[in-house]
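The exercises below are meant to be worked through with the sequence and the 3D view open. Try each task before reading its solution.

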Amino acid sequence: MYAQLVSAEGAKSREDMTPEENAFQDRIDRGEKIEPKEWMPEGYRKTLIRQIGQHAHSEIVGQLPEGNWITRAPTLERKAILLAKVQDEAGHGLYLYSAAETLGVSRDELLDLLHAGKMKYSSIFNYPTLNWADIGAVGWLVDGAAIMNQVPLQRTSYGPYSRAMIRICKEESFHQRQGYDILLKMCLQGTEDQKAMAQDAMNRFWYPALMMFGPSDKDSVHSAQSMQWKIKINTNDELRQKFVDQTVPQAEYLGLTIPDPNLKWNEEKGGYDFSEPDWSEFFAVIAGNGPCNAERMEARVTAWEDGAWFREGLMAHANKQAERRKAARHAAE
Amino acid sequence: MSSEWPLWEIFIRGQHGLNHRHVGSLHAPDAEMAIRNARDVYTRRNEGVSIWAVKSNDITASAPSDKGPLFEPSNSKVYRHPTFFDIPAEVGHM
């Protein structure tokens, strides 16, 4: 999802675990939360850093496609709402970086890895936002898919990650509703051109949204260990199915057509049958060859480098003030 | 010199006179900026009326390995709870 391809080891059987690992697994099975300074297997720590880091990077890179429309939102109200939403994403990134930092990595280290292309972020943010309806589709579909993944992660075994997810989920429903509201206006009260624009956004974002859940379970080699550790709660296909089932009626209400001729209600399974996304496209985007990968990374690196003088300046000021206070105390003694 | 801003722990008091409560962390160069950043990140939706910022390094925490010696002794002291006593029904609510 926001962490789509987190590499991890295969799951260990109980017999292969050391006594410490067994005791750790017992705690997880009992539903206890693991807290920062407690003993944990090295693989658990490393996998979590990768997963939470990817998730944090996705929040930050995810600001770019939406930020693109802040200056061009159609009304002042829409602009204020979109600005608030994009600001929220910065906060989500911050909560997640903080959670990762409790595992012994610094935020600057994580950002360096992102900027060097050594850490990933969600494939979805490598698609362009071409028209205003895209902002509606991003809120409705992309944040909708994110919620699907993040709600169960509130119960994840790592305390700081779980607490970050609880904060994030409180804000996500605002995000999804603001997106749907944009499309409601365009589809139910808009002109034919505006409706066509909304359908075009739907056509382009449907499959990339389905890809957010990661590869099909049969090709997802890393799930077993993560599920055993409760840092992944549902399988990719379970979440994708839930997302489709939830989204189809919402699309029908808007009068939008889901771009999938195979989409059909399946009474027997109590859910929709649907086409898989093109996984070769997914792997190409993840590997850096999506429509906007280069643009996104350039924007990130430029922002980071252009902000360096500011970060250093404030730190130098803080150090100078601290020195002055020390000197003043000294003189008074 | 590393220019990475130090980490701060943020505590917020909600509207109804409750204790300050830990809400999360953030990076800031100094205490004043920590308060400003906390305002921007953690009180966006009327979450609070007061902020404390404490440098993470200044917090002393109990060690996870001391959990047993620190907290188990109170497990056997049920008499510290009001539910330990049987108050006759005739006496009414107490």
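**Exercise 1: the interface**

Task: Find how many salt bridges there are between chain B and chain A.

Solution: The count between chain B and chain A is 4 salt bridges, a salt bridge being a side-chain nitrogen of Lys or Arg within 4 Å of a carboxyl oxygen of Asp or Glu. One of these links the side chains of A:Asp88 and B:Arg44, at 2.9 Å from N to O. On the side of chain B that touches chain A, the elements giving two or more residues are strand 2 (21-27) and helix 1 (31-42) of chain B, where helices (H or I, at least four residues) and strands (E, at least two) are DSSP runs numbered from the N terminus. Strand 2 of chain B supplies the largest share of that side, 4 residues.

This is a predicted model, in which local features need pLDDT of at least 70 and side-chain atom pairs count only at pLDDT 80 or more, while totals for chains, interfaces and linings use all residues. Residues are numbered from 1 along each chain as its sequence is written, chains are lettered from A in the order in which they are written, and side-chain values use heavy atoms, without hydrogens and water.

**Exercise 2: one residue of chain A**

Task: Decide whether A:Leu254 is buried or exposed, and state which residues it contacts.

Solution: A:Leu254 lies in helix 10 (residues 236-254) of chain A. With a relative accessible area of 4%, A:Leu254 is buried (under 20%; exposed is over 50%, partly exposed in between, with a 1.4 Å probe and protein chains only). Leaving aside neighbours within four places in sequence, A:Leu254 is in contact (heavy atoms within 4.5 Å) with A:Trp140, A:Tyr180, A:Leu183, A:Leu184, A:Cys187 and A:Leu188.
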